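Hello,

I am handing this structure over to you.

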Amino acid sequence: LDIEGQTREVLATIEQLLASAGTDKSRLLSAQLFLKNLSDFPVVNTIWIDWLKGYVAPSRATIQADLVNPKWLIEIAVVAAQK
């Protein structure tokens, strides 16, 4: 998958994990986005903004990083409060 596909896949996984923890993206406190290529930031940022439409955006850091799996273009770590 390209950066758009991977970003959407990761965000869908985050929604599933939040739901299994009894919360959702309305309760996000912070996020860290790790990008293999910082040049992908505009695409990721557009998807991120759209994903959070209607919600308060959490504090966020975007970091360029060598990811463990060479096929990965993005990793996202979030912290959320429980309901």
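Predicted model: local features only at pLDDT ≥ 70, side-chain atom pairs only at ≥ 80, totals over all residues.

Residues are numbered from 1 along each chain as its sequence is written, and side-chain values use heavy atoms, with hydrogens and water left out.

Helix α1 runs over residues 3–20; helices (H or I, at least four residues) and strands (E, at least two) are DSSP runs, numbered from the N terminus.

Buried residues in α1 are Ile-3, Gln-6, Thr-7, Leu-11, Ile-14 and Leu-18. They lie on the same side of α1, because they cover an arc of only 130° around the axis, taken from the directions from the helix axis to the C-beta atoms. Buried means under 20% relative accessible area, exposed over 50%, and partly exposed in between (1.4 Å probe, protein chains only). The face turned away from that side carries the exposed Gln-16, Ala-19 and Ser-20. Just after α1, Gly-22 takes a positive phi of about 80°.

Rings of Phe, Tyr and Trp (its six-membered ring) pair if their centres lie within 6.5 Å; planes under 30 degrees apart count as stacked, over 60 as edge-to-face and the rest as tilted. The count comes to one aromatic pair. Trp-48 and Trp-51 form this tilted pair, 5.5 Å centre to centre with 40° between the planes. Being three residues apart in helix α2, they are separated by about one helical turn. Trp-48 is buried at 4% relative accessible area, and Trp-51 is buried at 9%.

Regards

Note on methods: Expected span 1.5 Å × (residues − 1).
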